[in-house]
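This report describes one protein for a reader who has not seen it before. The sequence and the structure come first, and the text follows.

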Amino acid sequence: GNNHCTVKSQALMQYLVRMITPHDGIVLDMFAGSGSTGVACVALGLGYILIEQSQEYIDIINARLAYAHNEVAS
């Protein structure tokens, strides 16, 4: 149920995050949208701070991050 209009692929987001983030860095995404940056950070083992004002998208972010964390733990 991700209806955000600008969802990015995980391959792209992981590439971009790796390009700009130190090994022990924390990524700040002030316009989190549907959380693609956070999901990429989870896959890469990086910390993240996501900011989003729309409750609709926050619900999507929470679901995507829960799934991503579960996948990493498996």
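In which helix is M13 found? M13 belongs to helix α1, residues 10-20. Helices (H or I, at least four residues) and strands (E, at least two) are DSSP runs, numbered from the N terminus. The model is a predicted one, in which local features need pLDDT of at least 70 and side-chain atom pairs count only at pLDDT 80 or more, while totals for chains, interfaces and linings use all residues. Residues are numbered from 1 along each chain as its sequence is written, and side-chain values use heavy atoms, with hydrogens and water left out.

**Overall build**

The protein has three helices and two strands, and from the N terminus on the elements run α-β-α-β-α. Its radius of gyration is 12 Å, close to the 11 Å that the globule rule gives for 74 residues, so the protein is as compact as a globular protein of that length. The radius is taken over C-alpha atoms, and the rule is 2.2 Å times the number of residues to the power 0.38. Along the principal axes, the C-alpha trace spans about 30 × 30 × 20 Å. Buried residues make up 32% of the 74 residues. Buried means under 20% relative accessible area, exposed over 50%, and partly exposed in between (1.4 Å probe, protein chains only).

**Two residues**

M13 counts as buried because its relative accessibility is 10%. I26, in strand β1, counts as exposed because its relative accessibility is 60%. The table gives one C-alpha separation for each of them.

| Pair | Apart along the chain | C-alpha separation |
|---|---|---|
| M13 and L46 | 33 residues | 13 Å |
| I26 and L16 | ten residues | 14 Å |

**The strands**

Strand β1 (residues 26-29) and strand β2 (residues 47-50) run parallel and are joined by four bridges; two strands pair if DSSP finds at least two bridges between them. Between β1 and β2 the chain passes through helix α2 (residues 36-44), and this β-α-β crossover is right-handed. That term applies if, with the strands pointing away from the viewer, the path from the first strand over the helix to the second runs clockwise. I26 stands opposite G47 in β2.

The covered face of β1 holds V27 and D29, and the uncovered one holds I26 and L28.
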